[in-house]
Amino acid sequence: MANRIIGTYWKGNSGRYHERKTPKNYSVHDVNFVAQIAKAVDAWEPPYAQYAIQNEVDKIEIIHHRGDAAGHEITVKAPQSVWDRAKLVKYDLYIFDLDGTIAKKYTTDLLPGVEEWFATIHAATALATNQGGVGLRYWMEKDGFGNPDGLPTIKIVEDRLDEIKKKLGREDILGIASFAYQSKKSGEWGPTPEQTDRWNYLRWHPSWRKPQKGMLAYAQAHYQLFNAVMIGDSVEDEKAANAEDIDFILADEFFSIVRKDKFFKKE
Ligand SMILES: [Mg+2]
């Protein structure tokens with residue numbers, strides 16, 4: 001049938017699956033996930049059933065080939081729309097960048113597709129944002145240079161995170177920010193206030209600033225969920241995801257799939 005993507009994988013009797021022939025831009029995990037969606041909807045099993053709508057599941061075809069003692073080969077055929085969705089919904093934990101990904105810079109204005117995603121998917125979520133402006137402001141105030149009033153305070157950042165979580169209808173979201181500031185010119189790290197607790201120690205520590213992986217590791221440890229993805233709009237976001245060895249999806253790609261897929265609906 002036309003307009004179908006075909007993936008094939010080998011399923012071992014131990015339950016492991018191995019790459020055979022995966023479509024371009026998809027992994028064996030995507031192929032397996034699409035197969036799981038179809039099977040789960042047949043049996044109406046959570047958690048995958050929620051990710052499909054019946055008329056599309058009818059278009060997913062799963063062929064089990066004859067195997068041997070070690071396992072068997074499975075071929076999965078499904079329309080592009082199903083593959084696109086599977087690429088987004090297969091994770092347990094979503095770590096989003098804030099500025100340019102969820103909201104316009106310095107505002108609480110949500111970007112296109114964000115409301116639809118959060119109205120449909122209720123998975124564990126973290127917002128991980130570099131807010132080096134807080135660190136630069138501290139440096140300016142301490143050493144008396146520049147214009148600190150033009151930069152955010154900790155309270156401004158925290159209030160903004162709270163406001164965004166409220167707008168998303170998800171006050172359970174873990175909001176984390178890095179305040180460490182590094183001079184682009186010299187590479188020098190700015191001074192940090194003396195820390196009295198672990199939370200603030202981390203927020204001011206260079207290892208939390210993307211492209212370092214600190215905030216991503218913290219989010220996974222917080223939720224105890226390690227099947228995670230980072231969604232962001234910058235090279236720093238991608239580097240942090242690579243450093244933590246989790247998947248990365250560009251915000252543009254992620255939310256353009258959300259916007260064109262009728263599965264994702266505004267409440
Ligand atoms: Mg950004």
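The structure is a predicted model, in which local features need pLDDT of at least 70 and side-chain atom pairs count only at pLDDT 80 or more, whereas totals for chains, interfaces and linings use all residues. Residues are numbered from 1 along each chain as its sequence is written.

The domain assignment of the protein, with bounds that come from an automatic or database assignment, gives domain 1 (4-89) and domain 2 (93-260). The centres of domain 1 and domain 2, taken over C-alpha atoms, are separated by 33 Å.

Secondary structure is given as DSSP runs numbered from the N terminus, with helices (H or I) of at least four residues and strands (E) of at least two. Two strands are said to pair if DSSP finds at least two bridges between them. By this criterion, strand E1 (residues 4-12) and strand E4 (residues 71-79) pair in the antiparallel sense over nine bridges, and within this pairing Trp10 has Glu73 in E4 as its bridge partner. Strand E3 (residues 61-64) also runs antiparallel to E4, to which four bridges join it, and Ile62 stands opposite Val76 in E4. E3 and E4 form a hairpin, with six residues between them.

Burial is counted from C-beta atoms placed from the backbone: a residue is buried if 20 or more other C-beta atoms lie within 10 Å of its own, exposed if 12 or fewer, and partly exposed in between. In helix H8 (214-223), the residues Gly214, Met215, Leu216, Tyr218, Ala219 and Gln220 are buried. Their cover, assigned through contacts (C-beta atoms, placed from the backbone, within 7 Å), includes strand E5 (93-96), strand E6 (124-130), strand E7 (174-178), H7, strand E8 and helix H9 (235-244).

Most residues other than glycine have a negative phi, and most peptide bonds are trans. Against this background, Lys210 and Pro211 are joined by a cis peptide bond with omega of about 20°, and Pro211 is found in the loop between helix H7 (198-204) and H8. Just after H8, Gln224 takes a positive phi of about 55°; Gln224 is found in the loop between H8 and strand E8 (228-232) and is exposed, with 9 other C-beta atoms within 10 Å. A positive phi, near 70°, is also found at Asn25, a residue other than glycine. Asn25 lies in the loop between strand E2 (17-21) and helix H1 (28-43), and is exposed, with 9 other C-beta atoms within 10 Å.

Note on methods:
Contact = placed C-beta atoms within 7 Å.
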